[in-house]
Amino acid sequence: MAPPLVLPLSQCVDVNLAGGKAFGLARLIATGFSVPPGLCITTEAYGQALRTAGIQDFDLWPAIGRLPEIERRSTLSSYRNQIKGIDISQLAGQCLAALETLSQSPNVRWAVRSSATNEDTPHTSFAGLYRTHLGLPLPEIEGAIKDLWISVWEERVVGYMVRQKFHAPPRMAVLI
């Protein structure tokens with residue numbers, strides 16, 4: 001059985017599938033804390049999107065970190081453009097349908113946040129490196145998902161990972 005692409009927050013019990021933030025929220029829900037309704041676009045969805053774009057990040061990532069700065073910038077820009085071109089309308093439709101079940105009000109605004117597998121660990125935070133979108137209406141969610149995936153491929157993220165001696169690419173889940 002293939003891993004799910006979208007999970008309710010309460011089911012984000014696998015940090016490798018849901019990332020650190022979603023996993024933490026699931027733990028809070030499990031212990032009875034009040035957490036706003038939401039969901040997670042899993043790392044599996046991100047991985048599928050990369051494969052659709054022809055990006056083999058596990059093969060590319062170590063080499064990207066070793067490129068000279070100007071070449072690295074150009075290379076990362078190329079991958080960001082490839083991700084922008086991915087059609088995620090089917091995933092977005094699934095996500096929007098799930099969000100509509102969480103709130104019947106058309107005026108609800110959503111936060112779209114990163115929940116990468118390398119965030120909020122005992123040794124790294126990645127604070128402020130990945131993008132966040134706040135106060136979004138439903139029609140803007142699809143663009144925000146892709147924008148968070150694209151933020152993995154920013155120079156500041158790669159530079160931080162090089163300084164922290166990360167050699168594997170992060171897996172990006174998106175928390176809504």
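This is a predicted model: local features need pLDDT of at least 70, side-chain atom pairs count only at pLDDT 80 or more; totals for chains, interfaces and linings use all residues.
## The largest cavity

Five of its residues are nonpolar, two are polar and one is charged. The residues that line the largest cavity are Leu99, Glu100, Ser103, Ser105, Pro106, Val108, Trp110 and Leu138.

How much space lies in the largest cavity? The answer is about 40 Å³. The structure holds one cavity of 30 Å³ or more.

## Where helix 3 meets helix 7

Helix 3 spans residues 57-66, and helix 7 spans residues 155-163. Their axes come within 10 Å and cross at roughly 85 degrees. Angles of 65 to 115 degrees count as roughly perpendicular, so helix 3 is roughly perpendicular to helix 7.

Which residues make the contact? Helix 3 supplies Trp61, Ile64 and Gly65. Helix 7 supplies Val158, Met161 and Val162. By class, this contact of helix 3 with helix 7 has five nonpolar residues, one polar residue and no charged residues.

## Salt bridges

Side chains of opposite charge can pair when their charged atoms come close. A search of the whole structure finds seven salt bridges.

One of them joins Arg73 and Glu69. Their closest N and O atoms are 2.3 Å apart. Where do Arg73 and Glu69 lie? Both are in helix 4, which covers residues 69-84. They sit four residues apart, about one turn of the helix.

Technical notes
Residues are numbered from 1 along each chain as its sequence is written. Side-chain values use heavy atoms; hydrogens and water are left out. Axes are lines fitted to C-alpha atoms, for helices over the stretch in contact, and angles run from 0 to 180 degrees between N-to-C directions. Helices (H or I, at least four residues) and strands (E, at least two) are DSSP runs, numbered from the N terminus. Angles under 35 degrees count as roughly parallel, over 145 as roughly antiparallel, 65 to 115 as roughly perpendicular and the rest as oblique. Contact means heavy atoms within 4.5 Å. Ala, Val, Leu, Ile, Met, Phe, Trp, Tyr, Cys and Pro count as nonpolar, Asp, Glu, Lys and Arg as charged, and the others, Gly among them, as polar. On a 1 Å grid over the protein atoms alone, a cavity is a set of points where a 1.4 Å probe fits but cannot get out, and a pocket is an open set with protein on both sides within 12 Å along at least five of seven lines; lining residues have an atom within 4 Å of a point. Grid points are joined across faces, edges and corners, and a volume is the space filled by probe spheres set on the points. A salt bridge is a side-chain nitrogen of Lys or Arg within 4 Å of a carboxyl oxygen of Asp or Glu.
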